[in-house]
Amino acid sequence: MYRLFAVCLFLCLSIHAGWAQHYHFTGYSLKEGLSQSQVYSLMEDSRGKLWIGTQGGGVDVFDGIGFENYSELEGLANNFVNAIAEDEDLNVWVGTDEGVTVFDGDTAHSFLFDEEIACLVSDSGTMLVGTANGLLKCTLSKNTFGTYEYEASNNPITSMVMDTSWVLKGEVVDDVKRDSLGRYLLGTENGLMVWDGKALEAVGGKHHLRRISSDGKGGWWLAYYGLGLWYLGPDGVRKMPIELGKGNVVSLYVDPLDKSVWAGTLYGGLYHLRGKDDEVELIRQYGVNNGLGSNRIRSVLRDRDGGLWIGNSGAGVYRFSGDRFLHFGEDEGVLGGGAFSIQGDKKGLWIGCFAGGLVRLDDEGYRHFGIADGLTDAKIYSMAKMGDEWYFGSEGRGLYRYDGERFERQIEVEKQVGRFVRTLLPDGQGGLWIGSADCGLLHWKTDGTFVKFSKTKGELGGDRVNDLAYDQDSALWVANFGGVSVFKEDQKVAIPALEVLDGIRVKSVVCDQWGRMWLGTNGKGLFCYSDKELKPVEGLHSRNIYMVHWDKLGRLWVGTERGLDRFSFDRNGEINGQEFFGYAEGFTGMELIQNAVWEDANNHLWFGTVKGLSCYFPELDADRISQEVPAIELNEIRLFYKPLQNTAYGEGLSGWSKVPSGLELEYDENHLSFNFQAVSLQAGKDIFYEWKLEGFDKEWSPRTTQQLATYSNLPSGHYSFKVRPILNGVSGEETQFTFKVNSPFWVRWWFLLGFFVFGLSIAWLVYSWRKKVWRERDRKKHELEVLSLKLSELEQKSLRLQMNPHFLFNCLNSIKGLIAEGKAREARLNLTRFARLMRSTLDHSRLSHIPLNQELDSLRSYLELEQMSHEGKFDFHINAPEESIDMLVPPMLVQPFVENALIHGVLPKGDGEVSVSFLLEGGLLKCVVEDNGVGREKAMEKKSKDHQSSGLAITQERLRLLFGEKAPEEVVVFEDHINASGDSQGTSVSIFIPPFIS
């Protein structure tokens, strides 16, 4: 994949030495958060974080976003760090000038030595520790770290739990590796030592061996200080024939991707090499002259994403994203530092530059063309090659033609389309399409004629034409500042779907291999037209599209002010991948120039940017930099802002991830915070997150770079917290954590059941007691009512019995008088009435209710007998509606009122009339007893003071008992009839009786 090349147009043309190479390195030093600028060691841990050992600042941990520092204040043994390693239990060991510190994710455990630590190598559950005074083999207890004890030993290496022993005592051990035979290769101040478990063997000369690295094929690369690079193979140790920075190689790294060698020197920078047999090929040298901040390279490491990290002495740490992009600015001949247009041929490359005019690059170097050459000094925005001639469109100076010797301004074209030429496209038949900035579109045909298209004629949405492209049907698509217009043989074609873009500034248009048209707009994003549908494309890093290009490898490139988005497709034309190239990925130009892109015959892409010219080499991109979405890890859970490991639920939580396998919380422990992160050293700041708490959230959260999600006042229930990373619009795998918030005891089923049973029991007891009380009260009330009713009935009967002697005496005397007067017939009639009344009275006295018609018969008999006894001194009338005669009424209920009206009202007057009327009113039976007697006032005067009208009172009480709780306020209503002179004209009594249906 690698071969020696100078910067060239097509990686086959050698360019002038003045055309320098600049590679993209991203530097991190003090201003970016690094604690100290001398980086002596690098290590990527199992979580993807980079550990950086400095000389005086301790160790820094980089997660792709920021730095976290550990120094002596946090428990580090010493701030001068020389080596870092991770053991099999994921503990991180840090070797310093004064001992070793072990980070277990919870605590920094430091063990102070008297010697400087030079190297750390994990080896089968132990840690090999190279010091300035020999080699230690250390084993940590799984239960406790404890304190190391130092013991001298005759054995070179002895493994002891919580103990150390020495090998090569007094020797400086800078590196140690273990080969496939189980032997230890030791890099010492006196050369290479091999320990097979029994004896030490010196291999090679006694020179200071700084670093040892396996080539992955059974051989070993050896870096000797002052002697350069050597190789240990089956034939022994041999020096490699290449000079590297005066031979002072202090760091060595064999790339696992391609087995190439990276050698860092003390003064000569970084060398990238490939070994082949007895030869070494120099791929490239990197130093301060082409992007690095220092030539003193102390450590090299490639991360899991493919980025190369380089520790410098005095310049911090640099990340190298590879050679896939080379950038050329003003110092390299791109005048003005920016490229407005690019296109090339087999002989060289034309660049329209910011300074105006053109720059020509070929195998002889670069040359600037301007006014002195017959060309304008205005900016060149477009160019096209037709046969052996070139056409260049300028900003304000019209169109120029170049035949290889001279430039000629095309005045006749200016007359048609103006001086501002934005885009050019050959029509394939010898003619040329010319898009202007303010005068529409011009077709310059081979016969020299012109056909013009403009907005005023309704052919274009805007007269500013930005880009031109043919589709698979040879129709011309015109991107302009009013939408998109399509022409077929100079005739406009109507495409309804494109009306969506009417009024929108469309900047770029391109056709892919499936015949789909891709349209880039100003601020509205990217659209794809296919199968008569126009669809937006999601996931772009910006919606302000400057350039769209379909390359020969079948990938779509979209340029914006933020960099490049690249889409890849499956065989069906569906998007199956997206990558982004910005500053961190080596695309240092960042902001693209509108439609300034060209692809050469070797599939190299040339991009014009505001900072110059950038070239992309696809052959250097394969299997190098990964843009896969990194895995996400749930780092910590906080309960009411307190780490879970510091709560009652923290038992057993240790290590770097403080997350239990499951969690069951009480009802009032319902405020949780989740801390998570997907680590990418390359794209850490570009990772977004979405999360959802199943059981609480219905939708995923909005995308954000925030790495903390908090939920408060969670109700009881089962929950599953899910979170996923998003990189370049692609979602990564979810991670989830399931937990439960218990219900309060008072809402749990057993409590509710017990409470229900208890409540039911109490309710039953209360109900039973109340029911008993109610029954007893009702019984007593009923007994009282029955007793009262019986008493009333007995008193009524007693009154009847008291009335009967007077009535009998009067009736019998009257009948006797009739007999004495010889009125036998009348005597017999009244005697019959008397007998019938006595019989009905006796019969009714045994009943509580009788039909109304029987009560009327008794009243009529009573009044007839009274009329006979008083010799006809009064008249009476009895009226009742037909529908009420079958109703049941209490017997002799009205008789006391009739008797009172007769005796006290009518008879004292000497003559008069008594009227008894029954009628239905408001659901009640109403009886009105009316007389025209002397009135109640005079009647009371004639009564003796000892007379008590107990019959009326008893009758009223009797009525109330009959009504019960539904009794009206007045069951008996008296009304005196007074004339205008104030004299009484009688009395009426209204009696309300509860009717009973027969």
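Accessible areas here come from the Shrake-Rupley method with a 1.4 Å probe, and for residues only the protein chains shown count as cover.

**Figure 1. The whole predicted model and its surface.** The accessible surface of the protein comes to about 46400 Å². Carbon and sulfur atoms hold 49% of that surface. This is a predicted model: local features need pLDDT of at least 70, side-chain atom pairs count only at pLDDT 80 or more, and totals for chains, interfaces and linings use all residues. Residues are numbered from 1 along each chain as its sequence is written, and side-chain values use heavy atoms, with hydrogens and water left out. The protein has seven helices and 72 strands; these are DSSP runs (helices H or I, at least four residues; strands E, at least two), numbered from the N terminus. Its C-alpha atoms fill a box of roughly 180 × 100 × 50 Å along the principal axes. Of the 998 residues, 54% count as buried (buried is under 20% relative accessible area, exposed over 50%, partly exposed in between; 1.4 Å probe, protein chains only).

**Figure 2. Two nonpolar cores.** A nonpolar core is a set of buried Ala, Val, Leu, Ile, Met, Phe, Trp, Tyr and Cys residues joined through side-chain atoms within 4.5 Å. The largest has 42 residues. Leu 270 and Leu 613 have the most contacts inside it.

**Figure 3. Around Leu 613.** Contact means heavy atoms within 4.5 Å. Leaving aside neighbours within four places in sequence, Leu 613 is in contact with residues including Leu 326, Phe 328, Val 334 and Ile 342. Trp 606, Phe 607 and Gly 608 are also among its contacts.

**Figure 4. A buried lysine, Lys 926.** Lys 926 is found in strand β70, residues 924-931. Its relative accessible area is 16%, so Lys 926 is buried. Residues up to four places away in sequence are not counted here; beyond them, Lys 926 touches Ser 917, Phe 918, Leu 919, Glu 921, Ser 990, Ile 991 and Phe 992.

Figure 5. Most residues other than glycine have a negative phi. Asp 490 is not a glycine, yet its phi is positive, about 65 degrees. Asp 490 lies in the loop between β44 (483-488) and β45 (491-493). At 17% relative accessibility, Asp 490 counts as buried. Asn 595 also has a positive phi, of about 60 degrees. Asn 595 is found in strand β54, residues 592-599. Its relative accessible area is 21%, so Asn 595 is partly exposed.
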